[in-house]
Amino acid sequence: MSQASWGNYSPPFPQLYAETIQFDEDELYHNWHSKILYNKVILGKAIKSGTPPEPFKNCYDWECKYCRYNLVCQTLARTSTTEMSEEQIEEDKKLWN
Ligand code: SF4
């Protein structure tokens with residue numbers, strides 16, 4: 001969908017278009033149980049351990065494609081297979097917290 005289809009924000013009278021999206025009970029249930037609660041568990045483990053979740057593992061491809069943190073995750077994915085010094089690990093933890 002092109003951005004123009006969401007409205008025309010130019011002055012003096014910006015226009016915003018809205019859509020109504022409907023989901024049935026099964027779709028809501030599936031999304032809640034298979035995605036939202038799963039992500040909650042992943043986030044809880046990451047917070048408890050102080051280690052960020054493994055990049056690109058717990059999300060859809062399209063989420064990563066348009067994510068502003070993609071470069072950070074690419075870097076983390078590369079370094080996870082590389083030995084890091086204790087100093088680097090501590091610095092990384094400071095950046096993440
Ligand atoms: S690129 Fe974004 S969506 Fe993908 S794993 Fe990293 S933070 Fe998550």
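Mentor: A definition to begin with: Ala, Val, Leu, Ile, Met, Phe, Trp, Tyr, Cys and Pro count as nonpolar, Asp, Glu, Lys and Arg as charged, and the others, Gly among them, as polar. Bear in mind too that this is a predicted model.
Trainee: Thanks! With that, how do the residues of the shell around the ligand divide?
Mentor: Seven are nonpolar, one is polar and one is charged.
Trainee: And which residues are they?
Mentor: Around the ligand you find Pro55, Phe56, Cys59, Glu63, Cys64, Cys67, Tyr69, Asn70 and Cys73.
Trainee: Which helices each supply at least two residues of that shell?
Mentor: Those are helix H2 (61-65) and helix H3 (70-80).
Trainee: Let me pick Phe56, then. Where does Phe56 lie?
Mentor: Phe56 sits in the loop between helix H1 (25-49) and H2. Its phi is positive, about 65°, although Phe56 is not a glycine.
Trainee: Why does Phe56 count as partly exposed?
Mentor: Because Phe56 has 15 C-beta neighbours inside 10 Å, and partly exposed lies in between 12 or fewer for exposed and 20 or more for buried.
Trainee: What about buried residues in the chain?
Mentor: They make up 0% of its 97 residues.
Trainee: New topic: which residues does a cis peptide bond join?
Mentor: Pro11 and Pro12, with omega at about 5°. Pro12 is in the loop between strand E1 (7-8) and strand E2 (15-16).
Trainee: Last one: what pattern does the chain follow along the sequence?
Mentor: The pattern reads β-β-α-α-α-α, with four helices and two strands in the chain.

Note on methods. Residues are numbered from 1 along each chain as its sequence is written. This is a predicted model: local features need pLDDT of at least 70, side-chain atom pairs count only at pLDDT 80 or more; totals for chains, interfaces and linings use all residues. A residue is near a molecule or strand if its C-beta atom, placed from the backbone, lies within 6 Å of it.
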